[in-house]
Amino acid sequence: MTNSQAGERRGRILRAAVRERLLDPDDAPLAAFVDLDGVEDSVAALHKAFPASVEARHTFAAKANCLVPVLEELRTLGMGCEVASSGELAQALAAGFTPEQIVFDSPAKTRGDLRQALELGVAVNADNFQELARIDEILAARSSPSASAIGVRVNPQVGGGGIAAMSTATATSKFGIPLEDEGSRQRLVAAYRDRPWLTWVHAHVGSQGCPLELIARGIAKAVTFADEVNARCGRRQVTGIDIGGGLPVNFADDETAPGFDEYVACLRTHAPALFRGGYQVVTEFGRSLLAKNGFTAALVEYTKTSGGRRIAITHAGAQVAARTVFMPESWPLRITAHGPDGAAKHGEPVPQDIAGPCCFAGDLLARARPLPPLAPGDIVALLDTGAYYASTPFHYNSLPDPAVHGVRIGPDGRIHFRPLRRAETVQHILARTGG
Ligand SMILES: *Cc1c(COP(=O)(O)O)cnc(C)c1O
């Protein structure tokens, strides 16, 4: 989609949302939208990117958008689900995924988590040697073998990307078993040799900010390690590589870049062994499937100037955009200005701070952002927030989680909304605060 087509589509959705009072100065000053047609296109692009020579299964990283109806939608589009807590596992099961469609990753799985996953037959990637020992105990106590595919997350230690907090393959990362530390690789090969049920190798090199080539080099090391295990064991013990997610998203405009096809081309260059057909492949993309298919809209409540700076106080702040507020350099968002009816504003842009409702001074979505002058009752839209925003709340000031609406545009051009999550009420807030 071109920038103007995408902007026009969002404008139509916003105007319809105002007409249907999904955005309303009294009842709904904040709401999020997920473009379900766009999600379908993104999933199709992912499926198309991998060649038929590879037996690939694609899972969606639930943390990127954990709303059960969103997960359900992804399931009907042929995705599996990657989870990293018992809560996300419950969401995946509620969305109708069968255990064999689910992969459980987490660096802190409890014995209860592991017992449940191995009982259900959910795939498990162990993070460390102590977790492997727990799995040994649980399997030994079972009367029948577990149906779970079991692997180990390796840390290929290829280094970090542009955002330290998103880089999981640095020398000292908290994730996985390091391949380059003295003696670590040998110890892990021996662990595989002693456990014939250890049949997968998992690597997730990083998320936003990691160059494709860095991710591909990390995956290449995971494949080399799998080859080494099989050579040492003298059998084809490792049958699959889980290559994680991490495809970065372009937050600068409406172009989807890099695309999944570009990523696969990069993998083919750096990890050709992945395409020999010798291993099944699992992927775990999150942000790249959802981010550009969602936006958040907030009413402007008040405007003022302070120290010569124009400030618009809106209903979207850290409670729905924690990363943008706390790490603005790493997570800038595009913001568009609309009138009360949702139509784009066209005034001469002037620098404005776009503030949120939270009671701390840093609760700003943007500083000195050139936008048409905003007035009370106007609407601001935060773009590319389909992943890790509305579904990743920060419960500061006991602000309610806003409604999230799914959107489709029919062949007749009609806009259809359906609720993906209802807005929290004061009763919900009391319930989660012991009231
Ligand atoms: C977060 C995460 C993902 C998804 O990462 P994206 O950058 O959203 O694609 C995949 N796998 C694991 C293990 C993760 O922690």
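Me: Where is the place of His58?
Reply: His58 belongs to strand S2, which covers residues 56-61. A strand here is a DSSP run of E with at least two residues, a helix is a DSSP run of H or I with at least four, and both are numbered from the N terminus. This is a predicted model, in which local features need pLDDT of at least 70 and side-chain atom pairs count only at pLDDT 80 or more, while totals for chains, interfaces and linings use all residues. Residues are numbered from 1 along each chain as its sequence is written, and side-chain values use heavy atoms, with hydrogens and water left out.

Me: Why is His58 called buried?
Reply: Buried means under 20% relative accessible area, exposed means over 50%, and partly exposed is in between, with a 1.4 Å probe and protein chains only. His58 has a relative accessible area of 4%, so it is buried.

Me: What makes the pair of His58 and Thr283 a polar contact?
Reply: A polar contact is a pair of N or O atoms within 3.5 Å; within protein, one must be able to donate a hydrogen and the other to accept it, and residues adjacent in sequence count only if both atoms are side-chain atoms. The side chains of His58 and Thr283 make such a contact at 2.8 Å.

Me: And what makes Phe60 buried?
Reply: Phe60 also has its place in strand S2. Its relative accessible area is 0%, so Phe60 counts as buried.

Me: Let's turn to the ligand. Which residues come nearest to the ligand?
Reply: They are Lys63, Ser207, Glu284, Arg287 and Tyr388, out of 15 residues around the ligand. A residue is near a molecule if one of its heavy atoms lies within 4 Å of it.

Me: Which N or O atoms lie 2.7 Å from an oxygen atom of the ligand?
Reply: An N or O atom in the side chain of Ser207 is at that distance. A side-chain N or O atom of Glu284 is 2.7 Å from a nitrogen atom of the ligand, and a backbone N or O atom of Gly246 is 2.8 Å from a ligand oxygen. On its own the ligand has 390 Å² of accessible area, and the protein covers 93% of it. Such areas come from the Shrake-Rupley method with a 1.4 Å probe.

Me: How do the residues of the shell around the ligand divide?
Reply: Three are nonpolar, six polar and six charged. Ala, Val, Leu, Ile, Met, Phe, Trp, Tyr, Cys and Pro count as nonpolar, Asp, Glu, Lys and Arg as charged, and the others, Gly among them, as polar.

Me: What about the loops: why is Pro328 called partly exposed?
Reply: Pro328 is in the loop between helix H11 (322-326) and strand S13 (335-338). With a relative accessible area of 26%, Pro328 is therefore partly exposed.

Me: Why do Asn397 and Ser398 count as partly exposed?
Reply: Asn397 has 40% relative accessibility, so it counts as partly exposed. Ser398, at 34%, therefore counts as partly exposed. Asn397 is in the loop between strand S16 (379-383) and strand S17 (403-409), and Ser398 is found in the loop between S16 and S17. Phi is near 60° in Asn397 and about 50° in Ser398. Most residues other than glycine have a negative phi.
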